[in-house]
Amino acid sequence: MNKIKCECGHMNPEGTVLCEACGKPVEGNQHIDGNDDKKLLNMRYDGSARRSQTYQKSIIDKIWSFFSSVKVGVWLIVLALIASIMGTIYPQEQFIPQDAVSRDPAIFYEETYGILGLMYYQLGFHHMYSSWWFITLIALIGISLVIASLDRFVPLYRALKHQKPKKHQKFLSRQRLYSESANAADADVDKLVKSLKNSRYKITEKDGHILAEKGRFSRWGPYVNHIGLIIVLIAAILRTTPIMFSEDYMWLREGEQRVIPGTDNQYYIENKDFIVETHNGEGEDGFQEGSVDDEIATNFQTDVVIYEATNADIVGAEPELEPILDYSIQMNNPAKFDGYTLYQQGYQLNEFENMTFYIHEEDDETQESLGSFTIDLTNPDRVYELDSGFQVELTNYYPDYIMTEEGTPASETDYPRNPAFVVTVYPPDSEEGEVSFLGIGMNVDATGENQYKVAIDGVEFRDVSGITVSSDRTLPFFLVGAMIFMIGVIQGMYWQHRRIWINKQKDNTLLLAAHTNKNWFGLKRDIEKAVEGTNVTMVKDQQELDE
């Protein structure tokens with residue numbers, strides 16, 4: 001790397017626009033910051049050497065230059081925003097309603113939204129935020145932020161660290177605020193410096209040359225913003241991994257105890273009771289327990305007990321459960337424990353729980369019971385032995401019975417919403433069974449020659465609660481990133497980096513120049529207050545004079 005030696009003796013990196021020590025413009029590099037055709041110097045990065053503006057030879061240099069461009073970063077953010085908007089047109093795959101026509105995305109989007117829904121699915125917008133190209137886009141934004149920050153922060157830090165009180169006359173005369181005083185005495189300078197100290201300026205003096213500076217930390221505000229954004233982007237990428245984020249949906253029936261999905265068998269949940277309150281607009285308050293069609297649910301909650309398995313790490317052992325939380329889960333009032341959140345998401349009323357059947361002779365008009373049996377529709381037995389000697393074999397079970405287009409029975413779901421059965425009845429001391437097909441409003445004799453008939457004796461119902469189990473370990477990262485971003489915003493918005501140079505020339509002419517990254521009015525006011533009562537000439541705004 002070629003070094004550039006200034007007449008002050010300082011060695012500057014290749015690509016330097018203004019000497020890091022004395023500020024003299026480096027001949028041949030003024031085009032980099034656009035100083036070659038301007039009266040005033042571009043002080044945005046203090047003329048420091050940025051890699052993106054210096055090296056363009058290798059492929060690495062070109063990649064660095066590409067990602068360090070602000071325009072590239074802005075376009076990447078715009079593309080991410082457009083993609084995010086596209087992802088909100090229709091529900092994402094994980095938010096397909098439980099009662100949808102089908103939870104298969106290939107069916108749901110076309111059936112619900114027509115041709116536009118089909119296009120939405122085929123373009124992959126149904127899992128937008130977990131798609132490889134969206135994650136890649138987010139990663140590219142992060143890369144752009146890192147490279148753009150390093151490309152500017154490191155040279156600027158070096159330039160501000162090396163700055164000296166003595167500046168070249170060309171540097172001072174090309175500042176926006178500048179003045180020359182021919183008759184300023186040392187006492188005037190002392191009074192000026194004292195006033196600046198009272199205004200909380202840090203004074204650096206060397207060989208009679210003075211630099212008054214304050215608010216330098218505000219220059220790092222944008223880079224603090226970048227750090228916060230990078231943490232947020234990392235959290236967004238981590239959120240696509242199952243270790244940092246998971247979301248499952250479970251149906252929990254009243255009285256049921258089961259393991260909570262996604263917890264590695266460490267936590268269990270028991271549904272003690274499900275309560276739903278509805279509004280039908282009738283009566284004094286219109287509220288009632290229970291729900292029927294066309295009524296609006298105003299509250300539905302699940303009273304649960306959360307258990308922790310104390311021996312979850314022992315393979316094959318019966319879980320030893322210890323209750324850790326007794327809670328009523330409601331809409332907007334989730335249960336939280338150990339990084340998991342349980343949301344009340346849906347419900348189903350009056351789901352079949354048990355069905356009791358009895359056997360009677362086909363030609364018995366009184367239908368006298370010859371024995372009965374009860375089928376647990378969630379966990380049915382294979383064979384039922386009756387006290388009367390009958391044996392009933394559950395040959396086939398269809399929890400949610402439908403008839404396919406081919407004319408064969410099938411189950412649409414695993415939930416007992418429309419149960420149907422194929423049973424084989426073996427009379428006492430007989431090895432020849434009679435086959436029957438049973439269901440709601442159905443009792444079919446498979447051969448037409450059965451001597452015994454199976455009839456429904458009773459049905460028990462229960463309510464089912466839909467619970468979403470969410471574990472989001474990226475929230476602390478989002479929170480930290482947002483806090484750091486806000487610190488950077490405050491740091492760069494409410495403070496300014498102000499510098500005032502006071503240099504005395506050999507002919508006793510006093511040069512006074514000043515620069516700030518914003519709020520020039522405030523800087524002028526500080527200088528006006530400092531020069532009051534002295535023979536030091538008040539600075540003039542050369543930008544206004546030029547206009």
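**View 1. Strand 6 (245–253) gives the largest share of the lining of the largest pocket, six residues.** This is a predicted model, where local features need pLDDT of at least 70, side-chain atom pairs count only at pLDDT 80 or more, and totals for chains, interfaces and linings use all residues. Residues are numbered from 1 along each chain as its sequence is written, and side-chain values use heavy atoms, leaving out hydrogens and water. Strands are DSSP runs of E, at least two residues, and helices are runs of H or I, at least four, both numbered from the N terminus. In all, 42 residues line this pocket, with Gln94, Phe95, Ile96, Arg103 and Glu247 nearest its centre. (On a 1 Å grid over the protein atoms alone, a pocket is an open set of points where a 1.4 Å probe fits, with protein on both sides within 12 Å along at least five of seven lines; lining residues have an atom within 4 Å of a point.)

**View 2. Helix 2 (residues 70–86) packs on helix 4 (residues 132–162) at about 155 degrees, axes 10 Å apart.** That makes the pair roughly antiparallel (over 145 degrees). Axes here are lines fitted to C-alpha atoms over the stretch in contact, and angles run from 0 to 180 degrees between N-to-C directions.

View 3. Helix 2, helix 4, helix 7 and strand 24 (510–516) each give two or more lining residues.

Methods:
Parallel < 35°, antiparallel > 145°, perpendicular 65-115°, else oblique.
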